[in-house]
Amino acid sequence: MTFMKLEKIIISLSLLIFCSCRQDDPQLPGKILIERQDGVCQIYDGSVTPTTEFKLKQGPVINYSGLTWANQTETFFGTESIDDGGREDYRSNVVRFDLQGNIINKIFETKKGQIVGFTYPSRTDSLLLFTIETIRSLKSDPIEGLNRMRSILTLDLRANKVIDTLRNLGYSNTFQAYENPWLFDETGFIYVLFEDRERKNKREMAGVYRYNLLDRTSKLIIPNGKHAIASQKSNRIAYIRDKSIFVMDIDSGNEKKVYRTSYNEGIRHINWSPDDKYIYLAYSKNYFFDIFTTGEKLVNISTGDELALEHIGHGFQMYTWR
Amino acid sequence: MSKFSERIDAQLNGDEQPSEANKKEATNEHGAEVKQQNALQEKPTWYYMLKTEGGEHGFAYDPNKNIIYEVNHPHNGHTNGGVNWIKGLFGKSDGVKSTVYQWNMSNPRQEAAFWAFGKDADGNGGRGKLLLSPVELTNPDAATAFFQSMKGQEYDDYNLARDNCMHYAIRGFAKGGLVGGVALCSPEPSKWPGTYTMSWSSGSRPTPLISPVSGYVRPFPPR
């Protein structure tokens, strides 16, 4: 087969997949904000075209980023990063933004070298979980900046006080919490630990963990589970395991497989739809010679039916959805 | 000469193996390694960085600003994979082109996006193992200016064989005063010409050596 023929096949395949998503496909429920690398933010409110657009401050010293919807007010949580020049002088604070990306108030201020990552409010906005990591001087470790140890802090937003610290959970690429980590009843949150050599040495298993704020204990609830997210309408979580998407009732422990990937399919991202009826997934289909195509769909949690949708591509970018 | 200076000289001359305490490792979800051997150099050093899993790929890393520079698939590796390569091979310029990325690793969102580049939710793909080797630059500000002027742009010259990820990294190093370059299409330095003084073992566990990068220059295609 010549490369010219190969190219025609690839283009035809891409067209076929592109055309399979019709113009009358349903629109995504809820509000989605996409945050692009250059700081431009677009809000989609039930439409495939953005209803609002603004640019976050991106200066030589101060930068805003990491927007996450608040659940009860028309605001965002996020971070204000301050770069005073040296690597160890870098720091980032937890702040609240309005719908134009301006700071309303500062919630948690860090010391130099402390960096706040993801910020996730609980369902009633009474608690805020955020990740924090420390970056040390260049002399102590030149490449530490690539991969730092993370901890989780929980802040009571009403008292504006840190009420819990979960220290040294993992490195940037061996620990993750996704939107939304908070359980519906706000008694705790879920996070994911990935397998690595250090963890193996400590006989610590990879998987989905549930942290209980009441007794301050972490428990492995889904061995080898990945990408765990909690519903904000019911006490359920969704996660990926064995190339499938499962939904589990937290109270009963019953789990149900709602989606199984095809042989060449990789799931890039999942999210509960705000109406609690669907799991949104962004996926890729891999062919050969590094050729892949991408798509998005909704999977009905009750029936398993797949629904194509008018897509905006948020699952392949940084976004927040409520 | 102080013991410290003697040790640096010995390392730069390849006379001394770095101690265990001087090896830095971190692991990712594949159990793979981010690994380097410190050069214990007094002045700030940049790094040529190599990804091996799922295809070789080269980056430039400035640890002083904690920023990684690279040319890669558009849309964070989530769309159009490989199609632009094929188009480039045939000299076509249509379609979505490769993109110039700049990852500020001090920003957790960008750091997470860097590690998640092209990775699916099941943990497949992504960056995998990274290997780093120090690069001595006499004018790092010029390298920074070059890389930052390219941020977010489409990489018009991308061509799988002649001007790819590794050429972009080395082009920036050259702006920073590196007398060196690359000639072959593989981003792995062990496959570069013998005149290249930085050596990487070509075994299954390549080990970056501590010698600074310098060597043969191949002219890049004109921009």
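**Stop one: a glutamate in chain A**

Select A:Glu265 and A:Tyr259: their side chains are joined by a polar contact of 2.7 Å (that is, a pair of N or O atoms within 3.5 Å; within protein, one must be able to donate a hydrogen and the other to accept it, and residues adjacent in sequence count only if both atoms are side-chain atoms). Before going on, note that this is a predicted model, where local features need pLDDT of at least 70, side-chain atom pairs count only at pLDDT 80 or more, and totals for chains, interfaces and linings use all residues. Residues are numbered from 1 along each chain as its sequence is written, chains are lettered from A in the order in which they are written, and side-chain values use heavy atoms, with hydrogens and water left out.

Is A:Glu265 buried or exposed? A:Glu265 counts as buried because its relative accessibility is 3%; buried means under 20% relative accessible area (1.4 Å probe, protein chains only).

Now show what surrounds A:Glu265. Leaving aside neighbours within four places in sequence, its contacts (heavy atoms within 4.5 Å) include A:Lys243, A:Tyr283 and A:Lys297.

**Stop two: over to chain B**

Color chain B by secondary structure and you'll get five helices and seven strands (DSSP runs: H or I, at least four residues, for helices; E, at least two, for strands; numbered from the N terminus). Of its 223 residues, 56% count as buried.

Next, select residues 108-115, helix H3 of chain B: eight of its eight residues are buried. Among them are B:Arg109, B:Glu111 and B:Trp115.

Terms used: Buried < 20%, exposed > 50% of the residue type's maximum accessible area, 1.4 Å probe, protein only.
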